[in-house]
Amino acid sequence: MFDIQLNSFVRRVEKKDELKALIKSSGAKLNRKGRSRHWRLQGNWQQFEIIIQHAHIKEEPSWQWVIEKLNGYKPKPQMDELVSIVKRNPAITLQKLIAQTDCTLIEARKAFDIAAWE
């Protein structure tokens with residue numbers, strides 16, 4: 001469960017009611033911190049992923065900072081996951097693996113090495 005602070009949420013976002021409804025439909029919780037203008041978003045990565053996907057569909061420019069905040073909490077793939085991707089797709093390139101999983105170059109090379117030796 002992640003806890004993200006969204007400072008000045010209402011002032012920075014246009015169509016805020018639509019974004020609030022989207023967050024609520026994902027199962028994540030959006031609460032105001034006391035009587036301040038700051039808000040707090042609580043949820044897990046699967047809920048954040050739903051929010052990101054639907055926000056991209058709406059293409060609202062003021063929602064981009066929320067999407068960027070949520071993307072910052074994307075979990076890093078484990079080495080065994082990277083190796084299994086390489087084994088399932090033997091024709092995958094290094095750059096495609098990096099783009100698909102958001103791993104580093106070193107992690108991708110290590111996954112290729114492990115897959116080649118197993």
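Reader: Which residues does F9 touch, not counting residues up to four places away in sequence?

Author: This is a predicted model, in which local features need pLDDT of at least 70 and side-chain atom pairs count only at pLDDT 80 or more, while totals for chains, interfaces and linings use all residues. Residues are numbered from 1 along each chain as its sequence is written, and side-chain values use heavy atoms, with hydrogens and water left out. Taking contact to mean heavy atoms within 4.5 Å, and leaving out residues up to four places away in sequence, F9 touches L19, K20, L30, R37, W39, W65 and V66.

Reader: Which residues have the most contacts inside the largest nonpolar core?

Author: A nonpolar core is a set of buried (under 20% relative accessible area, 1.4 Å probe, protein chains only) Ala, Val, Leu, Ile, Met, Phe, Trp, Tyr and Cys residues joined through side-chain atoms within 4.5 Å. The largest one here has 21 residues, and those with the most contacts inside it are L6, F9, L19, L41 and L70.

Reader: Which element supplies the largest share of this core?

Author: Helices (H or I, at least four residues) and strands (E, at least two) are DSSP runs, numbered from the N terminus. At least two residues of this core come from each of strand 1 (2–6), helix 2 (16–26), strand 3 (39–43), helix 3 and helix 4 (64–71). The largest share, five residues, is supplied by helix 3.

Reader: Are helix 3 and helix 4 roughly parallel or roughly antiparallel to each other?

Author: Helix 3 and helix 4 pack with their axes 10 Å apart and at an angle of about 150 degrees, and W45, F48, I51, I52, A55 and H56 of helix 3 make the contact with I67, L70 and N71 of helix 4. Angles under 35 degrees count as roughly parallel, over 145 as roughly antiparallel, 65 to 115 as roughly perpendicular and the rest as oblique. Helix 3 and helix 4 are therefore roughly antiparallel.

Reader: Which residues of helix 6 and helix 7 make the contact?

Author: The axes of helix 6 (residues 94–101) and helix 7 (residues 105–117) come within 10 Å of each other and cross at roughly 120 degrees, which means that helix 6 is oblique to helix 7. On the side of helix 7 the contact is made by L105, A108, R109, A111 and F112, and on the side of helix 6 by L94, L97 and I98.

Reader: Is Q47 buried or exposed?

Author: Q47 lies in helix 3 (residues 45–58) and, with residues up to four places away in sequence left aside, it touches S26, G27, A28 and Q42. Because its relative accessibility is 16%, Q47 counts as buried.

Reader: With which residues is S26 in contact, leaving aside its neighbours within four places in sequence?

Author: S26 lies in helix 2, and with a relative accessible area of 10% it is buried. Beyond its neighbours within four places in sequence, S26 is in contact with Q47, I50 and I51.

Reader: Is S8 buried or exposed?

Author: S8 is found in the loop between strand 1 and helix 1 (9–12), and its phi is near 55 degrees, a positive value in a residue other than glycine. Its relative accessible area is 14%, and therefore S8 is buried.

Reader: What is the relative accessible area of E59?

Author: E59 lies in the loop between helix 3 and helix 4, and its phi is near 55 degrees, a positive value in a residue other than glycine. E59 is exposed, with a relative accessible area of 64%.

Key. Axes fitted to C-alpha atoms, helices over the stretch in contact; angles between N-to-C directions. Buried < 20%, exposed > 50% of the residue type's maximum accessible area, 1.4 Å probe, protein only.
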